[in-house]
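Here are my notes on the model, point by point. Please keep the structure open while you read.

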Amino acid sequence: MSMNTMKLKDRVAALEAEVARLKERIEGNSKSWTDEIAGAFANDPAFEEAMRLGREYRESLRPKAKKRRK
């Protein structure tokens, strides 16, 4: 075998090992990222305040109902 063929085989073997390592890492993590962060802000007063302020802001953007004339 030529030297280039050996180098190529070594590179392919290294890539296959890396792919196997990455697959194991991904498959080993059965939780999705949303499951990992769910509840992170539970009972956090700063988070509750941020949600309240965001709600108030969104409500302020809604068109106001017009009063009917009789």
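1. **Arg52 and Glu49.** In this predicted model, Arg52 pairs with Glu49 in a salt bridge, with 2.7 Å between the closest N and O atoms. Both residues sit in helix H3, which covers residues 45-61. They are 3 residues apart, about one turn of the helix. Arg52 is partly exposed, at 31% relative accessible area. Glu49 is also partly exposed, at 35%.

2. **Arg52 and Glu56.** Arg52 has another salt bridge, to Glu56. Here the closest N and O atoms are 2.3 Å apart. Glu56 lies in H3 as well, 4 residues from Arg52, again about one turn of the helix. Its relative accessible area is 41%, which means Glu56 falls in the partly exposed class. Which residues end up in one network? Glu49, Arg52 and Glu56 do, joined by salt bridges that share partners.

3. **Glu18 and Arg21.** Where does this pair lie? Both residues belong to helix H1, residues 3-28, and are 3 residues apart, about one turn of the helix. Glu18 is partly exposed, with 34% relative accessible area. Arg21 is partly exposed too, at 42%. Across the whole structure, the search gives 3 salt bridges. As background, side chains of opposite charge can pair when their charged atoms come close.

4. **Helix H1.** This helix has 26 residues. From first C-alpha to last it reaches 37 Å, close to the 38 Å expected at 1.5 Å a residue. Is H1 largely in the open or buried? The number of buried residues among its 26 is 0, so H1 lies largely in the open.

5. **Asn43.** Check the backbone here. Asn43 is not a glycine, yet its phi is positive, at about 60 degrees. The residue is in the loop between helix H2 (33-37) and H3. Asn43 is exposed, with a relative accessible area of 77%. The cut-off for that class is over 50%.

6. **Overall fold.** How many helices and strands does the protein chain have? There are 3 helices and 0 strands. Along the sequence, the pattern reads α-α-α.

7. **Dimensions.** The radius of gyration of the protein chain is 28 Å. For a compact globule of 70 residues, the value would be near 11 Å. Taken along the principal axes, the C-alpha atoms fill a box of roughly 95 × 30 × 20 Å. Please keep both values in mind when describing the shape.

8. **Burial and surface.** What share of the 70 residues is buried? The answer for the protein chain is 0%. To count as buried, a residue needs a relative accessible area under 20%. The accessible surface of the protein chain comes to about 7,400 Å². Carbon and sulfur atoms hold 57% of that surface.

9. **Charges.** The protein chain carries 17 positive and 12 negative charges. Among the charged residues is Arg52, which forms salt bridges with Glu49 and with Glu56.

Methods. Residues numbered from 1 in each chain as written. Predicted model: local features only at pLDDT ≥ 70, side-chain atom pairs only at ≥ 80, totals over all residues. Heavy atoms only, no water. Salt bridge = Lys/Arg side-chain N within 4 Å of Asp/Glu carboxyl O. Helix = DSSP H or I, 4+ residues; strand = E, 2+ residues; numbered from the N terminus. Buried < 20%, exposed > 50% of the residue type's maximum accessible area, 1.4 Å probe, protein only. Rg over C-alpha atoms; globule rule 2.2 N^0.38 Å. Areas by Shrake-Rupley, 256 points an atom, 1.4 Å probe, with all protein chains shown as cover. Lys, Arg positive; Asp, Glu negative; His and termini not counted. Charge placed at Lys NZ, Arg CZ, Asp CG, Glu CD. Expected span 1.5 Å × (residues − 1).
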